Amino acid sequence: MTAGHISNPVLPGFHPDPSIVRVGAEYFLATSTFEWFPGVPVHRSTDLAHWEPAGHILDRPDLLDLRGVVDSAGVWAPSLSYHEGRFWLVYSIVRTVGHPYKDVDNHLITAPSIDGPWSRPVFLNSSGFDPSFFHDEDGRSWLLNIQWDPRDGHPSFAGIVLQEYDDDKRALIGQPRTILTHEELIEGPNVYRHDGWYYLMLAEGGTGWNHGILMARSRELTGPYELDPDGSLLTTRDAPEWPLQKAGHGELVQTAAGEWYLAHLASRPVQTPDGPRCILGRETCLQRVTWTDDGWLRLAGGGRRPSLEVPAPTGAEPGPAAPTVARDDFDSPSLGGSWSTLRAPATPDWLTLRERPGHLRLRGRQSPHSRFDQSLVARRLTSVRSEVTTVVDFRPSHFSQLAGLICWYDTSTHFYLRLTHVEGRGRVLGVVLTDDGVYGELPDSELTTDDWPLVYLRARFDGAELRFAASPDGTDWHPVGPALDASKLSDDYGDRLRFTGAFVGVCVQDLGGTRAPADFDWFEMREHDGGE
């Protein structure tokens with residue numbers, strides 16, 4: 001990072017739909033988590049360049065119930081704001097994706113500090129997703145979200161709706177009003193007041209290569225709104241060679257010195273024979289923006305494409321660089337904040353760091369295709385040049401018991417280096433996978449490990465290529481299976497709606513219901529330079 005500059009992405013790996021707010025000298029970023037638990041990670045900074053984790057907001061079952069939600073449903077586009085001495089978080093829980101329906105509930109929680117305690121959720125509405133709050137200068141608060149329309153012959157994205165919220169009643173009041181419709185797909189609404197205007201910031205064009213940010217403005221909060229005559233504020237739809245693709249869905253923040261920054265998502269593709277694919281998912285970036293003399297927002301560097309490096313705020317004290325924790329030795333009594341579980345919290349009945357000190361013990365539950373009770377913990381992949389290693393103590397006694405290292409996109413697409421029991425051979429290591437919903441085994445990958453005291457497992461990402469290896473001692477490594485197409489772990493593979501990013505983790509299954517345990521001594525994820 002160049003001194004005095006911000007390097008993008010500021011949050012690498014799966015950190016989509018950023019929401020940003022400043023309170024005093026601190027900035028806070030919250031991002032979407034979809035089917036992962038805990039929900040909505042928060043990062044804090046004092047200079048916008050250096051960010052450190054500040055925990056998760058939706059970390060209690062009463063705040064987040066995701067059991068059974070389909071892949072890429074769950075928590076969509078949370079939005080943070082600060083009003084009357086409290087943090088406000090509004091978020092969607094989506095339970096049905098695709099067409100024609102979106103079953104979605106929007107909730108509000110508040111807290112006196114970003115660290116909580118967060119209130120019990122207030123149900124707001126179910127009319128659409130991407131909610132945000134606007135707190136006007138007169139003290140009134142307003143909810144915005146998109147209106148979803150499932151009817152044949154009608155645009156599904158039916159416009160941006162606005163409705164007042166009464167904090168004393170903890171309920172929406174009055175009638176919702178549609179304040180803007182557009183022929184282009186628009187979502188992600190946020191309102192800002194500046195120089196006598198109400199500015200409506202919108203995500204446009206969907207979440208893929210056509211993504212962008214569009215602005216509109218009005219003298220009245222309720223409209224009518226005029227669109228920016230110059231079109232998109234930010235997009236890369238016309239620049240397929242640009243390093244930051246899919247740029248869009250953003251929020252604004254103003255520094256104490258009066259400068260403006262835009263937090264937005266973008267993706268860094270790798271090239272494959274089937275076209276570009278974004279293995280790391282949608283990441284969080286920042287751009288410096290300015291207001292023109294005629295009252296429209298523009299990128300400070302000109303044009304409408306996101307920059308990899310932008311000036312940091314004037315006079316900001318550089319914050320400390322967040323330490324990169326490459327290795328987890330599982331010496332703590334609780335799981336660290338970089339770990340996530342699927343759809344449900346880690347509870348002692350299936351995950352413990354106490355029963356065998358210095359080890360993560362997972363008890364096997366349902367299959368990798370389950371949307372309910374998986375014993376899987378994983379971390380975001382933050383570089384396509386990564387090597388992930390772990391060591392496991394596991395003695396399966398039946399083919400229904402499995403454990404190992406998994407490279408994950410969702411229940412429909414993942415690569416699994418797993419140990420299991422094979423009759424007459426004992427403990428066997430091999431690769432199984434699910435490719436866009438189709439399960440397969442790689443028989444040529446099988447390696448007998450019955451006489452190994454422990455099994456070391458490794459996954460190495462090198463651009464779009466993934467290779468597995470194993471070792472009895474951590475020194476003598478054996479390739480396991482062929483090179484695999486890591487680019488399938490992306491939004492861009494298959495025909496399903498996919499909104500997350502690649503994770504790597506460890507998991508255990510016991511399909512017979514006996515909850516056989518596997519013990520992992522440590523887990524390490526390191527970036528490599530492409531050499532051996």
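A strand here is a DSSP run of at least two residues marked E, numbered from the N terminus. I'm working from a predicted model, so I kept to local features with pLDDT of at least 70.

**Leu144**

I started with Leu144 and found it in strand E12, which runs over residues 141-148. Is Leu144 buried or exposed? Its relative accessible area is 0%, and buried means under 20%, so Leu144 is buried. Next I looked up what Leu144 touches, leaving aside neighbours within four places in sequence.

A reminder to myself: most peptide bonds are trans, and most residues other than glycine have a negative phi.

Which bonds did I note as cis? Gly116 to Pro117 is cis, with omega near 0 degrees. I placed Pro117 in the loop between strand E9 (104-111) and strand E10 (122-125). Gly223 and Pro224 are also joined by a cis bond, with omega about 5 degrees. Pro224 lies in the loop between strand E17 (212-218) and strand E18 (226-227).

Then I turned to positive phi. Leu48 has phi near 70 degrees and belongs to the loop between strand E5 (39-45) and strand E6 (52-58). Leu48 is buried, at 0% relative accessible area. Ala77 has phi near 45 degrees, also positive, but Ala77 is in strand E7, residues 74-83. At 5% relative accessibility, I logged Ala77 as buried.

Terms used
Residues numbered from 1 in each chain as written. Predicted model: local features only at pLDDT ≥ 70, side-chain atom pairs only at ≥ 80, totals over all residues. Heavy atoms only, no water. Helix = DSSP H or I, 4+ residues; strand = E, 2+ residues; numbered from the N terminus. Buried < 20%, exposed > 50% of the residue type's maximum accessible area, 1.4 Å probe, protein only. Contact = heavy atoms within 4.5 Å.
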